[in-house]
Amino acid sequence: MVEMDVNGCRVLKGFLDLKAQQMIVADIRRVVETAPLFSPLTPWGKPMSVGMSSAGKYGWYTDKTGYRYEAKHPNGSPWPDIPASVIEVWSSVVTNLRLPDCCLINYYKKAAKMGLHQDKDEQDFSWPVLSISLGDTGVFRVGGTSRKNPTQSVNLESGDVAILGGNARLAYHGIDRIKFGSSTLLNGGGRLNLTLRVVD
Ligand code: MD3
Ligand code: FE
């Protein structure tokens with residue numbers, strides 16, 4: 001395991017071994033059977049290129065009304081529990097004093113990307129966000145707290161864990177592109193990213 005600092009983001013390269021990655025993928029497959037992936041509409045009415053769902057007390061959601069957390073999937077069911085295999089990563093890297101309220105599931109196919117943005121729909125920015133990357137490599141870009149600040153890029157590969165806390169918590173960040181076919185972890189390819197968040 002190698003630890004990197006990318007503009008204040010801690011990236012733990014190779015944190016999860018293959019067995020741990022496979023366990024988490026199996027658990028997330030069960031989550032999306034109950035809470036299917038969907039492509040939320042941005043406030044501008046354009047569907048996101050990333051497939052999304054969530055587990056936990058809250059799920060992140062967007063439509064013409066704006067960005068927010070919701071207690072239910074758009075199908076009306078409560079979100080499934082966050083799998084223990086995923087909670088385990090949070091407890092070992094962040095703390096076991098408070099557990100995350102949301103595990104946002106992002107699924108990137110070949111052409112999916114996520115533009116530079118800040119994560120600020122949560123109530124308390126003193127809690128970090130933890131990210132788990134699975135499957136194909138994503139080219140991740142992170143800057144500062146102003147859109148004008150310079151950015152750095154790093155490849156997020158399968159098994160990498162990133163912790164976004166402190167000054168980096170409100171950094172602009174995004175996924176420029178997916179290196180489709182770079183991993184064999186997911187049948188059908190693509191990239192799965194899980195972000196664990198304390199919401200309220
Ligand atoms: C830096 N997801 O869901 S994870 C998101 O790979 C999101 O799917 C990306 O950005 C993905 O909001 C990036 C890494 C990440 C997550 C949260 C952050 C980086 C962050 C919050 C603050 C700064
Ligand atoms: Fe984000």
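Helix H1 contributes the most residues to the lining of the second largest pocket, namely 4. The model is predicted, so local features need pLDDT of at least 70 and side-chain atom pairs count only at pLDDT 80 or more, while totals for chains, interfaces and linings use all residues. Residues are numbered from 1 along each chain as its sequence is written, ligands are numbered from 1 in the order in which they are written, and side-chain values use heavy atoms, without hydrogens or water.

**The second largest pocket**

- A pocket is an open set of points, on a 1 Å grid over the protein atoms alone, where a 1.4 Å probe fits and protein lies on both sides within 12 Å along at least five of seven lines; lining residues have an atom within 4 Å of a point.
- The volume of the second largest pocket is about 170 Å³, a volume being the space filled by probe spheres set on the points.
- Its lining includes Val 25, Ile 28, Arg 29 and Val 32, together with Ile 105 and Tyr 107.
- Helix H1 (18-34) and S6 are the elements that give two or more residues to this lining; helices (H or I, at least four residues) and strands (E, at least two) are DSSP runs.
- The lining of the second largest pocket comprises 8 nonpolar, 2 polar and 1 charged residues.
- In these classes, Ala, Val, Leu, Ile, Met, Phe, Trp, Tyr, Cys and Pro count as nonpolar, Asp, Glu, Lys and Arg as charged, and the others, Gly among them, as polar.

**The largest pocket**

- The space in the largest pocket amounts to about 980 Å³.
- A total of 44 residues line the largest pocket, and Met 48, Met 114, Gly 115, His 117 and Asp 119 lie nearest its centre.
- By class, 23 of the lining residues are nonpolar, 11 polar and 10 charged.
- Ligand 1 sits in the largest pocket, which requires more than half of its atoms to lie within 2 Å of the grid points.

- A polar side-chain atom of Arg 191 is 2.9 Å from an oxygen atom of ligand 1.
- For the side chain of Arg 197, an N or O atom lies 3.1 Å from an oxygen atom of ligand 1.
- The protein covers 98% of the 500 Å² of accessible area that ligand 1 has on its own, as computed by the Shrake-Rupley method with a 1.4 Å probe.

Methods
Polar contact = N/O pair within 3.5 Å; in protein donor to acceptor, adjacent residues only side chain to side chain.
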